[in-house]
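Here are my notes for your first look at this protein. Keep the structure open while you read, and check each point in turn.

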Amino acid sequence: MKTSELLNILNQHVPFSSAESWDNVGLLIGDNHQEVTGILTALDCTMEVVNEAIEKNINTIVAHHPLIFKGVKNINEQGYGAIIRRLIQHNIQLIALHTNLDVYRYGVNAMLSKKIGLTQTEILEPQHTEYFKVQVFIPEENVETFKNKMNDEGFASEGDYEYCFFSTKGAGQFKPVENAQPHIGKLDQIETVEEVKVEFMIQSHERAKAEYSIKALHPYETPVYDFIPLTKTLERGLGMIGQLPQQTTLKSLAIAIKEQLNIPSVRFTGHPDATVSKAAIIGGSGIGYEKFAHQKGADVFITGDIKHHDALDAETEGYHLIDINHYSEYVMKDGLKSLLNEWINNDALIIEASTINTDPFNYV
């Protein structure tokens, strides 16, 4: 399998375009035409992870956190430059799936939710997309030609389907006046024409192109058409919310999560004996969503990287927080390995999860 094929598979399931605008995802180091000998999933691409790939004769690392992110000013024998040099020297490719894996329906937050036993889960904050429903009124005799040409231009497609039109017959009326040069009818006479209303969907960024195409392909001198703005909820978004296996106390839940995630420390805010039955979770750094999670019915909000003042604010407002550290996202290593085995139909391709602990902290 070529790198380009792997990227297409990843983009199909976890679109790179769904990442945040500030993010850096996709092929960071590598060659689209290179043959993939194996895939190593990792939370971070550290020197130890690169060495692990070398030892296992794996030439493609798929990491959650981008190695090239804040801006590399030089590539030398120090810091991140040393890691990049080693990757290139050993012809190892690096692909990043960051915020696009965060918002994926079965991504990092779903993996964390499953690990701590949440049930009846749904996306905490689903993403939305804006699009247009286009309706064009056109003589019946010109409909098929118009639809064929619009389809050839790439319009009226949805996922794996093309030529997605809906047509309704009706009678159109108009009267050409003054300097009109009508395709059908005569000056100063009311004309009734058997017309068809053709409807199809386009993405919001396609509007200008669609309008140009309609005017160019429509037989009328002055075509009639509408762009109706609509919003659709997507099957992706940030965080998950669901029911805990059973009602429990805040302290008991924190202890259970520490064991389930096998992490060295967990902190929480709120009275230890407070009862909780519904939880929301955002892996990594999700502080700022605690109020939203509470409004959605969560008794406790679980995330990482909680600062002192954020915790104090939450306690003052009565929101229960559990801090599971940023490194808890390591669950994506095995989770992504399972997903890749589902997506890639190639039993000969080695897909492994990194065994390296990349948590930068030591605990006492």
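1. In what order do the eight strands of the open sheet stand? The order is β6-β7-β5-β8-β10-β11-β12-β9, and the pairing is mixed. Strands (E, at least two residues) and helices (H or I, at least four residues) are DSSP runs, numbered from the N terminus. Two strands pair if DSSP finds at least two bridges between them. β6 (166-174) and β9 (267-269) are the edge strands; each has a single partner, so one side of each has no neighbour in the sheet.

2. Before going on, note that this is a predicted model: local features need pLDDT of at least 70, side-chain atom pairs count only at pLDDT 80 or more, and totals for chains, interfaces and linings use all residues. Residues are numbered from 1 along each chain as its sequence is written, and side-chain values use heavy atoms, with hydrogens and water left out.

3. Look at one strand pair. β11 (residues 300-303) and β12 (residues 321-323) run in the parallel sense, joined over three bridges. Ile302 has Ile322 in β12 as its bridge partner.

4. Now find helix α5 (residues 108-115). Six of its eight residues are buried (under 20% relative accessible area with a 1.4 Å probe, protein chains only; exposed is over 50%, partly exposed in between). They are Val108, Asn109, Ala110, Met111, Leu112 and Ser113. Their cover includes β5 (119-139), β8 (224-249) and α11 (332-343). After α5 comes Gly117, with a positive phi near 85 degrees.

5. The structure holds nine aromatic pairs. Rings of Phe, Tyr and Trp (its six-membered ring) pair if their centres lie within 6.5 Å; planes under 30 degrees apart are stacked, over 60 edge-to-face, and the rest tilted. One of the pairs is Trp22 with Phe69, edge-to-face at 6.0 Å centre to centre and 70 degrees between the planes. Trp22 lies in the loop between α1 (3-13) and β1 (26-29), and Phe69 in the loop between β3 (60-63) and α3 (79-89), so the pair ties together parts 47 residues apart in sequence. Trp22 is exposed at 51% relative accessible area; Phe69 is partly exposed at 37%.

6. Phe132 and Phe227 also form an edge-to-face pair, with centres 6.0 Å apart and planes at 85 degrees. Phe132 sits in β5 and Phe227 in β8, so this pair ties together parts 95 residues apart in sequence. Phe132 is buried, with a relative accessible area of 12%. Phe227 is buried, with a relative accessible area of 12%.

How values were computed:
Contact means heavy atoms within 4.5 Å.
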